[in-house]
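I opened the model today to follow its strands and how they pair. My notes are below, in the order in which I looked things up.

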Amino acid sequence: MIEDNGTKVIDGAEVTTFRSTDSGQGFLVKCDGLTLYHPGDHAWFAKEDEGLFKQEVDFIAERVTGVDIAFLPVTGCPSRWSKDNIVAGFRYSLEKLKPVQVYPMHAMQREYVLKEFAELVDVAKSGCQIVCSENRGDNYTYSKNMVASK
């Protein structure tokens, strides 16, 4: 277990945690020359999440010059999320973390939402590559800054 906003090296991988706006933690992992960002359930779901959301994204952004691969949520808990807020948080994460590749996630078994969301956010303007799953269980291989689906 790593405390919130803590860093630990595990088998050569440097893992930094941060608090989630929902439950659990998000992670920044540096390993084998790659920097991966997986926020778990950390998203700007509702107006009241803005402060913590930005604080934790900024915490990570201060520790990297960019992220190779970022996984970013596109939906949240149905009872308390707003599409406008999720879009704003997605854009904020792109701006602050400067990922090379983005994998939208948490579509709640509705993979078509991933591509729709990428278009809504207009990820292309950020200069990063967007990789959207089309089917549940899609697999990808990352090599030399390129992604191939299996």
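Strand β1 (residues 7-10) is joined to β2 by four bridges, and the two run antiparallel; I count two strands as paired if DSSP finds at least two bridges between them. I noted that this pair is a hairpin with two residues between the strands, and that Asp11 in its turn has a positive phi of about 50 degrees.

Before going further I wrote down that this is a predicted model, in which local features need pLDDT of at least 70 and side-chain atom pairs count only at pLDDT 80 or more, while totals for chains, interfaces and linings use all residues. Residues are numbered from 1 along each chain as its sequence is written, and side-chain values use heavy atoms, with hydrogens and water left out.

I then followed β2 to its other partner, strand β3 (residues 25-31), to which six bridges join it in an antiparallel run. Glu14 has Lys30 in β3 as its bridge partner. This pair is also a hairpin, with five residues between the strands, and Gly24 in the turn has a positive phi of about 75 degrees. I checked the cover of β2 (residues 13-19) and found five of its seven residues buried, where buried means under 20% relative accessible area, exposed over 50% and partly exposed in between, with a 1.4 Å probe and protein chains only.

Next I asked myself in what order the strands of the open sheet stand. Seven strands form the sheet in the order β1-β2-β3-β4-β5-β6-β7, and the pairing is mixed. β1 and β7 (129-130) stand at the edges with a single partner strand each, so one side of each is left without a neighbour in the sheet.

For a parallel case I turned to β4 and β5, which pair in that sense over two bridges; Tyr37 has Ala70 in β5 as its bridge partner. Six of the seven residues of β5 (residues 67-73) are buried, so this strand is largely enclosed by the rest of the structure.

I also looked up Ala46, which lies in the loop between β4 (34-38) and α1 (50-61). Ala46 counts as buried because its relative accessibility is 9%.

Last, I took the chain as a whole and recorded three helices and nine strands, which follow the pattern β-β-β-β-α-β-α-β-α-β-β-β along the sequence. Of the 150 residues, 44% are buried. I looked at contacts, meaning heavy atoms within 4.5 Å, and among those with a separation of 6 or more, residues 24 or more positions apart account for 57%. The C-alpha atoms fill a box of roughly 40 × 35 × 25 Å, taken along the principal axes.
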